Amino acid sequence: MTMSEIKTDKPIIVSMCLAGVPCNYIGEACPSPKVIDLVDQGRAIPVCPEQLGGLTTPRTPAEQFGGKVIAKDGLDVTAEFKMGAQRTLLIAQQVGAEVAILKARSPSCGKGIIYDGTHSGTLIEGNGETADLLMKNGIQVLTDEEL
């Protein structure tokens, strides 16, 4: 899908790291020029579900495993990821968003493919907590790799 195929006049929810904000787990951004353009045009609202869930930046990397989200150091951060997903959904609903552009493979934002929970770089089918919740609530989710 290209940016021109995103047909909405409503705000678009975007991963904050894609908007150029250094908020990922290592405290860096993953800037996407297309997402930054949407923000600059006032069409997009950047969110970081992990920060909205109360996690710090930087933070220990986490992956989904066995229905939970587990940090590399073994800490269960499922509650924080679920809270961030709920808060992101609330923001999306409040602004009437119909589309979200999220960071691929993330345990929060990934759609279709995420890391397998072994912290080995292995990918499996699945969705991040936020992507899954948004889709279950009728919001179209795209990843930065689909733009």
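**Contacts, sheet and helix packing in the predicted model**

Glu145 touches Ala104 and Arg105, leaving aside residues up to four places away in sequence; contact here means heavy atoms within 4.5 Å. This is a predicted model, where local features need pLDDT of at least 70 and side-chain atom pairs count only at pLDDT 80 or more, while totals for chains, interfaces and linings use all residues. Residues are numbered from 1 along each chain as its sequence is written, and side-chain values use heavy atoms, with hydrogens and water left out.

Back to Glu145, which sits in the segment after β8. Helices (H or I, at least four residues) and strands (E, at least two) are DSSP runs, numbered from the N terminus. As for Arg105, it belongs to the loop between β5 and β6 (113-115), and its phi is positive, about 70°, although it is not a glycine.

Now for the sheet. Four strands, in the order β2-β1-β5-β8, make up an open sheet with parallel pairing; two strands pair if DSSP finds at least two bridges between them. β2 (44-47) and β8 (140-143) are the edge strands with a single partner each, so one side of each has no neighbour in the sheet. On average, neighbouring strands are turned by 25° against each other, direction ignored; axes are lines fitted to C-alpha atoms, for helices over the stretch in contact, and angles run from 0 to 180 degrees between N-to-C directions.

β1 (residues 12-15) pairs with β2 in the parallel sense, over 4 bridges. Ile13 stands opposite Ile45 in β2, and Ser15 has Val47 in β2 as its bridge partner. Getting from β1 to β2, the chain runs through helix α1 (residues 33-40), and this β-α-β crossover is right-handed (with the strands pointing away from the viewer, the path from the first strand over the helix to the second runs clockwise).

Then there is the packing of α3 (residues 78-95) and α4: the angle is about 40° and the axes are 8 Å apart. The two helices are therefore oblique to each other (under 35 degrees is roughly parallel, over 145 roughly antiparallel, 65 to 115 roughly perpendicular and the rest oblique). On the α3 side, the residues involved include Phe81, Leu89 and Ala92, and those they meet in α4 include Leu133 and Leu134. The residues of this contact divide into 6 nonpolar, 4 polar and 2 charged (Ala, Val, Leu, Ile, Met, Phe, Trp, Tyr, Cys and Pro count as nonpolar, Asp, Glu, Lys and Arg as charged, and the others, Gly among them, as polar).

Pro58 lies in the loop between α2 (49-52) and β3 (62-65).
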